[in-house]
Amino acid sequence: MAKGLRIASWAVAIAIVALCNGGFLAFAVMAFAEESGNTAASFVAETVVDGVAPAMWVIIPLLQLASVVLGAVATASRQPAALTTCRSIMLFFKVGLIPFFLCGAVVELLFLVLGLHPVLPFIGWAMGAALGAMGWLTMFSGSIWAIATAVHLYRQRIASGGELAAHIVLQLMFVADVVDAVILFVRSKAPAAALRAQGLPR
């Protein structure tokens, strides 16, 4: 991969992980401050969340779109050494977003339970569906790098066509995507090491 593309890919990946995890952290601090009755802390936390949240609703989707585009370019790259960058960004996404998805799963469960309420079922189910869709898009912004890793393994004849198809399907599903990413990372360790030993650009 070209140096500029590699730098942009890492910058976008780091920004997505930081903003997604930071967003949940900010909401958690605000909720804790309100629950503890600390008026001053609650006011500060709420002010920060109210000021940052609108921007994040725009910035994060744009970053996710950028990640998908950059991942697609990396997938299409014919440079064998692109494998090393793809597998590293893949693992960073999948491991880095674990706190975000754990918190998201709890919130999702709460909305699904709210959907069982006899008076407010629509709010619970609608919000649950919306959060699920946003979570899937966040997952896919990292999955594209796992797919790119699988494609490069296929091109180097390390993975078969059937394995490639299986990796793509697994990268579209929650939880399975993380397990599959670990498998891909281990599977690509030897060829990535060989490429680095050759001194090829990443």
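This is a predicted model: local features need pLDDT of at least 70, side-chain atom pairs count only at pLDDT 80 or more; totals for chains, interfaces and linings use all residues.
**First stop: α3 and α7.** Select residues 82–96, which form helix α3, and residues 176–187, which form helix α7. Their axes lie 10 Å apart and meet at an angle of about 150°. Because angles over 145 degrees count as roughly antiparallel, α3 is described as roughly antiparallel to α7. The crossing of these helices is left-handed. Next, display the side chains at the contact: R87, M90, L91 and K94 in α3 meet D177, V178, A181, L184 and F185 in α7. Six of the residues in this contact are nonpolar, three are charged and none is polar.

**Second stop: α3 and α8.** On the α3 side, select L83, T84 and R87; they meet K189, P191, A192, L195 and R196 in α8. This contact comprises four nonpolar residues, one polar residue and three charged residues.

Which residues touch the most other members of the largest nonpolar core? Select F93 and W145, which hold that place among its 34 residues. Helices α1 (3–36), α2 (39–76), α3, α5 (121–155) and α7 each supply at least two residues of this core. The greatest contribution, nine residues, comes from α5.

Centre the view on F93 and set aside its neighbours within four places in sequence. The residues in contact with F93 are then A13, I16, V17, S67, S141, G142 and W145.

Technical notes: Residues are numbered from 1 along each chain as its sequence is written. Side-chain values use heavy atoms; hydrogens and water are left out. Axes are lines fitted to C-alpha atoms, for helices over the stretch in contact, and angles run from 0 to 180 degrees between N-to-C directions. Helices (H or I, at least four residues) and strands (E, at least two) are DSSP runs, numbered from the N terminus. Angles under 35 degrees count as roughly parallel, over 145 as roughly antiparallel, 65 to 115 as roughly perpendicular and the rest as oblique. A crossing is left-handed if the near helix is turned anticlockwise from the far one by less than a right angle, and right-handed if clockwise. Contact means heavy atoms within 4.5 Å. Ala, Val, Leu, Ile, Met, Phe, Trp, Tyr, Cys and Pro count as nonpolar, Asp, Glu, Lys and Arg as charged, and the others, Gly among them, as polar. A nonpolar core is a set of buried Ala, Val, Leu, Ile, Met, Phe, Trp, Tyr and Cys residues joined through side-chain atoms within 4.5 Å. Buried means under 20% relative accessible area, exposed over 50%, partly exposed in between (1.4 Å probe, protein chains only).
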